Amino acid sequence: MKKTLVTGGAGFLGSHLCERLLERGEDVLCVDNFYTGDKQNVSHLINNPYFEIMRHDVTFPLYVETDQIYNMACPASPVHYQFDPVQTTKTSVHGAINMLGLAKRVKARILQASTSEVYGDPEIHPQPEEYWGKVNPVGIRSCYDEGKRCAETLFFDYWRQHNLSIKVVRIFNTYGPRMHPNDGRVVSNFIVQAIRGEDITIYGDGQQTRSFCYVDDLVEVIIRMMNSEEGFTGPVNIGNPGEFTMLELAEKVLSITGSKSKIIFQPLPSDDPKQRQPDISMAKEKLDWEPKVALEDGLKETIAYFKKVVG
């Protein structure tokens with residue numbers, strides 16, 4: 001039985017990944033410091049004899065035996081990563097060093113959950129993997145953007161210097177059940193505001209775009225990437241190339257919830273990207289993957305979850 005370590009395993013994405021790996025017959029060790037992760041996300045897995053949970057912060061070394069490592073640990077929403085920006089950078093950089101060191105010691109394959117934020121506020125649209133990005137190194141988002149960029153650097157240096165088996169995915173906006181209701185991300189914000197009958201807050205004029213991938217689609221491609229052929233390292237964009245304005249998203253949420261909330265506009269935050277859309281040609285070619293869940297269908301599932309949590 002394959003022994004698999006998932007850092008950040010009690011988070012939104014990590015918990016769905018742990019669940020799917022157990023379904024595949026893997027022995028899963030979930031590691032989380034519960035800064036943004038939640039035991040409730042994995043409570044239904046606790047009685048599975050092949051699931052283990054450990055409270056641990058990846059900024060400290062970890063000594064376990066494992067065959068594969070999914071390095072998912074890091075707060076991913078601006079509200080959380082800007083609360084303690086120094087710790088955010090440490091989680092990305094020291095966390096990568098510690099997990100790469102573990103992979104090197106036990107000869108494990110390791111996957112890095114990177115982000116579309118490595119592209120910053122892009123000048124190329126949609127964003128291909130060859131694009132180096134336009135990132136502010138000293139802004140309020142830099143702790144996350146540059147931390148993830150540095151983590152990618154470390155992964156590729158371990159690959160070149162130590163011949164480590166690495167995989168790197170760049171995750172674009174993802175949504176679904178178990179998102180944190182107060183994470184400040186646009187999907188959860190709009191849904192929670194609509195359910196509570198509060199004004200729906202759009203920053204800027206609402207014409208900035210994002211692409212939204214349902215969590216089930218994303219977990220599928222992450223596992224495919226981990227188990228892809230040796231030598232295919234990535235980085236590879238994973239996300240849904242369907243592009244929507246913030247205004248379109250707000251209107252869809254209002255329509256599905258039947259909410260009477262009003263849409264209001266606020267000033268745009270600093271360094272907020274105007275466009276974000278993945279070029280997923282590489283994922284299609286190398287991993288035979290493209291997302292299947294339409295935005296409306298995914299929103300219905302997500303709204304049903306939030307109605308139980310905050311309704």
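Counting salt bridges, that is, a side-chain nitrogen of Lys or Arg within 4 Å of a carboxyl oxygen of Asp or Glu, gives 13 of them here. Before we look at a few, please note that this is a predicted model, in which local features need pLDDT of at least 70 and side-chain atom pairs count only at pLDDT 80 or more, while totals for chains, interfaces and linings use all residues. Residues are numbered from 1 along each chain as its sequence is written, and side-chain values use heavy atoms, with hydrogens and water left out.

Let us start with arginine 109, which forms a salt bridge with glutamate 230; their closest N and O atoms are 2.8 Å apart. Arginine 109 sits in strand β5 and glutamate 230 in the loop between α6 and β11, so this pair ties together parts that are 121 residues apart in sequence. The element names come from DSSP runs, numbered from the N terminus: helices are H or I with at least four residues, and strands are E with at least two. The two partners also differ in their surroundings, if we call a residue buried under 20% relative accessible area, exposed over 50%, and partly exposed in between (1.4 Å probe, protein chains only). Arginine 109 is buried, at 15%, whereas glutamate 230 is exposed, at 57%.

A second salt bridge joins the side chains of glutamate 117 and arginine 276, at 3.1 Å from N to O. This pair, too, links distant parts of the chain: glutamate 117 is in the loop between β5 and α4, and arginine 276 is in the loop between β13 (263–266) and α8 (281–287), 159 residues apart. Glutamate 117 is buried, with a relative accessible area of 11%, and arginine 276 is buried as well, with 1%.

Arginine 224 is partly exposed at 29% relative accessibility, and glutamate 220 is partly exposed at 28%. Together with Arg20, Glu220 and Arg224 are linked in a network of salt bridges.

Now for the sheet that β5 belongs to. Its 7 strands form an open sheet with parallel pairing, in the order β3-β2-β1-β4-β5-β6-β11. At the edges stand β3 (51–55) and β11 (236–238), each with a single partner strand, so one side of each is left without a neighbour in the sheet. Neighbouring strands are turned by 20° against each other on average, direction ignored. Two strands count as paired if DSSP finds at least two bridges between them; β2 (residues 27–32) and β3, which run parallel, are joined by 5. Within this pair, aspartate 32 stands opposite arginine 55 in β3.

Helix α4 (residues 142–162) lies across β5 (109–115) and β6 (166–171), running at about 155° to β5. Helix α6 (residues 215–226) lies across β4 (68–71), β5, β6 and β11, at about 160° to β6. Here contact means heavy atoms within 4.5 Å, and axes are lines fitted to C-alpha atoms, for helices over the stretch in contact, with angles from 0 to 180 degrees between N-to-C directions.

What about the cysteines? With a disulfide taken as a pair of cysteine sulfur atoms within 2.5 Å, a search of the whole structure finds 0 disulfides. The sulfur of cysteine 30 is 4.4 Å from the closest cysteine sulfur, in cysteine 18, too far for a bond. Cysteine 213 is in no disulfide either, and its nearest cysteine sulfur, that of cysteine 18, is 18 Å away. Cysteine 30 is buried at a relative accessible area of 0%, and cysteine 213 is buried at 0%.

Finally, a look at the backbone. Most residues other than glycine have a negative phi, and most peptide bonds are trans. A cis peptide bond joins histidine 125 and proline 126, with omega about -10°; proline 126 is in the loop between β5 and α4. Another cis peptide bond joins glycine 234 and proline 235, with omega about 5°, and proline 235 is in the loop between α6 and β11. Phenylalanine 34, in the loop between β2 and β3, has a positive phi of about 65° although it is not a glycine, and phenylalanine 34 is buried at 17% relative accessibility. Lysine 107, in the loop between α3 (85–106) and β5, has a positive phi near 60°, and lysine 107 is exposed at 74% relative accessibility.
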